[in-house]
Amino acid sequence: MDQEKPCNLEDVIMMDWEVYTMYVPVWPGKAYPLGATWDGKGTNFALFSENATGVELCLFDRENRETRVALTEISNFVWHGYIPGIGAGQRYGFRVDGPYAPQEGYRFNPNKLVIDPYAKALDGDIRHGSENLGYRWDDPEKDLIFSEFDNAHLVPKAVVIDESFDWEGDQLLRRQAHETIIYETHVKGFTKQHPDIPKALRGTYAGLAHPAAITYLQSLGITAVELLPVHHFLTYPGHLVEKSLTNYWGYDSIAYFAPHASYSASGTQGRQVTEFKEMVKALHKAGIEVILDVVYNHTGEGNHLGPTLSLRGVDNSAYYRLLEDDSRYYMDFTGCGNSLNVRHPQVLKLIMDSLRYWILEMHVDGFRFDLASALARELYEVDTLAAFFDIIHQDPVISDVKLIAEPWDVGEGGYHVGKFPLLWSEWNGKYRDTIRDFWRGEDSSLAEFAYRFTGSSDLYESNGRRPNASINFITAHDGFTLNDLVSYNEKHNKPNGEDNRDGESYNRSWNCGVEGETDDPKIIKLRNRQRRNFLVTLMLSQGVPMMLGGDEMGRGQGGNNNAYCQDNEVSWFDWNLQEDNAALLDFTRQLIYFRRQHPIFQRRKWFQGRAIHGSSVHDIGWFNADGGEMTEEQWHDGFTTAIAIFLNGEEIATRGDRGERIMDDSFFLCFNAHYEMLEFILPPGLQHREWEVIIDTTQPLFVDGEICYKGDKPIPMTERSVMVLRRR
């Protein structure tokens, strides 16, 4: 279709302000697609509301003056209309009329300008004020009394966008899961203090696309960035606003199609969409996938006392899970005040349309679903056969990208690690807990450690999944950083303004003898070794490793394990590295490169321990420190803290992409989590060959074959250390 120059509201309406609202030309338009769709000559607007009695499209001019246009065409509960001449850049919202009866689940209020659930861009952030409430806040009945205050001056307007973009042939990278290394980071925090990125670009999509940022990620060797939420979100009114804190993490989405406006260096007015696409294209050119952390379990509108900003005002009873015996209140499986009603076909459609949009239009490579168990609650209990999973499984677009679940929520029975269906990977919380316990010396069975190190077959093998179903992590945005994990026994969250009550109190951390920062060289040395121990364990485990951004450079948060509201130096990356942290960065780069070079650490299938050619050697072997095979008692005694693992590179079960046999080096891995030095002995079947030390976590960098062992010569292992030997 030939495109004409986009028009603004003033170009469409040529009457005096007082009367020209009567003369806006509105054609019937179409019910699909939902949202605002510009075709080059005009824009179609469509909004789903099952229980509304009236819908007005509100158009805003350059002076923020509002023109209301009634949408009278209704098809399958979709209110729609087409306005010729309206083009990209036009700002708009909706006013939705209907009953205000909270006890029945209805909270319509046409005095509230509501954000289009399908808005592709918003022109700014939500400003807080009592006018955003659908009820009279000063009335003792609270949310039962209808508010007549208008909030249009506080709510960001949706923007009609031009979706054309030159991708220059860019496509999803589709890197195989077993070859993936995920780097969880924050769009703003990663570059906010980067000295080689122009100040105007720091903390933005453009900053993450800057050559300095991309060169760093390439040098680190990761294959995917997992970005904390970029759907447009708000800071929920309350103590954060009162204390001048913000919703830094972004887990309060308010628009599932719109990139968060304040992460844009280009301004708003829809330009953030182009900037986001440029970021994805730049990362793809560098071979780095983009995974989004998405929050479809709840929205930022909160509980029954929250603001009316979008879904609540569009159709509260359709979009949210309400208590069956009192529809005034919301079911809350998230701890955030509400839960989306995934039982409703339109809510499922909203989620699926959003996912497809980010894949097809924004070229995103995958998603991590926050509190994913909440999406599986069709009645009350979590059901992995829920419609949500069925639809994703059948969708040819969504089913073909990386799908990662946070397999729990805060509701009863919400912990579902290992229970998600095919196609899904999971944040393996059991891996995190087991590895933390092992290295802090907590009594736990080596059988548990072995399961986690080899991909958690006890969790994923029985339902047909492979090791890549396990997203292995030791730290994430929620909790201690790696540096703080070895520096603090207790959380230190007072800056969050909640009297240190927020955040997890049981962190499985160990401060190595002193709480917080210290100048004791022995403790510093031990902490540095522990950081390397954790990283080596993570990168050499089967499954998909995910590291928290900044762990590779010793980023700390002063013991804050819930820095969700710290949009400041507490959370931002500090690029001025001290000597120990610079060494840790170099070690991490070597470690990631080492993993990527060796397919034995990236197996697609489970270890089976099969005999090779009738001998006593297996594809994997488990040994105690004296070189003998692990006994049943040692597997389960709960206090054995040392183990050696043999990985046979000549017995990798899977074939390459072209059917070729995969061969690799063989390795002997020694883990000593004991508080004293131990001597390891090579098993008798391995003593006839020479073994060179590649990694020794007592050293700041790889030692790469400087020391060799053969026969029954003892291998001295420093307390709390790892050694990786390669067969020559």
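This is a predicted model: local features need pLDDT of at least 70, side-chain atom pairs count only at pLDDT 80 or more; totals for chains, interfaces and linings use all residues.
1. Helix pair α10 and α11. The axes of helix α10 (residues 429–440) and helix α11 (residues 446–453) come within 10 Å of each other, with a crossing angle of roughly 130°. The two helices are therefore oblique to each other. The crossing of α10 past α11 is left-handed. On the α10 side, the contact is formed by Lys430, Tyr431, Thr434, Ile435 and Phe438, and on the α11 side by Leu446, Glu448, Phe449 and Arg452. By class, the residues of this contact comprise five nonpolar, one polar and three charged.

2. Largest pocket. The largest pocket holds about 1400 Å³ of space. Its lining consists of 42 residues, and those nearest the centre are Trp249, Thr334, Val410, Asp478 and Asn562. The lining of the largest pocket is made up of 15 nonpolar, 14 polar and 13 charged residues.

3. Second largest pocket. For the second largest pocket, the volume is about 660 Å³. A set of 28 residues lines this pocket, with Gln176, Ala177, Leu423, Ser425 and Asn468 nearest its centre. At least two lining residues come from each of β19 (402–405) and β20 (424–427); β19 gives the largest share, three residues. The lining of the second largest pocket has twelve nonpolar, seven polar and nine charged residues.

4. Largest cavity. Six cavities of 30 Å³ or more are found when the whole structure is searched. Of the residues lining the largest cavity, seven are nonpolar, eight polar and two charged.

5. Second largest cavity. The volume of the second largest cavity is about 70 Å³. Its lining is formed by Pro117, Ser253, Ile254, Ala255, Tyr256, Thr299, Glu301, Ser310, Leu311 and Leu350. Strand β14 (residues 253–259) supplies the largest share of this lining, four residues. By class, the lining of the second largest cavity has six nonpolar residues, three polar and one charged.

Conventions: Residues are numbered from 1 along each chain as its sequence is written. Side-chain values use heavy atoms; hydrogens and water are left out. Axes are lines fitted to C-alpha atoms, for helices over the stretch in contact, and angles run from 0 to 180 degrees between N-to-C directions. Angles under 35 degrees count as roughly parallel, over 145 as roughly antiparallel, 65 to 115 as roughly perpendicular and the rest as oblique. A crossing is left-handed if the near helix is turned anticlockwise from the far one by less than a right angle, and right-handed if clockwise. Contact means heavy atoms within 4.5 Å. Ala, Val, Leu, Ile, Met, Phe, Trp, Tyr, Cys and Pro count as nonpolar, Asp, Glu, Lys and Arg as charged, and the others, Gly among them, as polar. On a 1 Å grid over the protein atoms alone, a cavity is a set of points where a 1.4 Å probe fits but cannot get out, and a pocket is an open set with protein on both sides within 12 Å along at least five of seven lines; lining residues have an atom within 4 Å of a point. Grid points are joined across faces, edges and corners, and a volume is the space filled by probe spheres set on the points.
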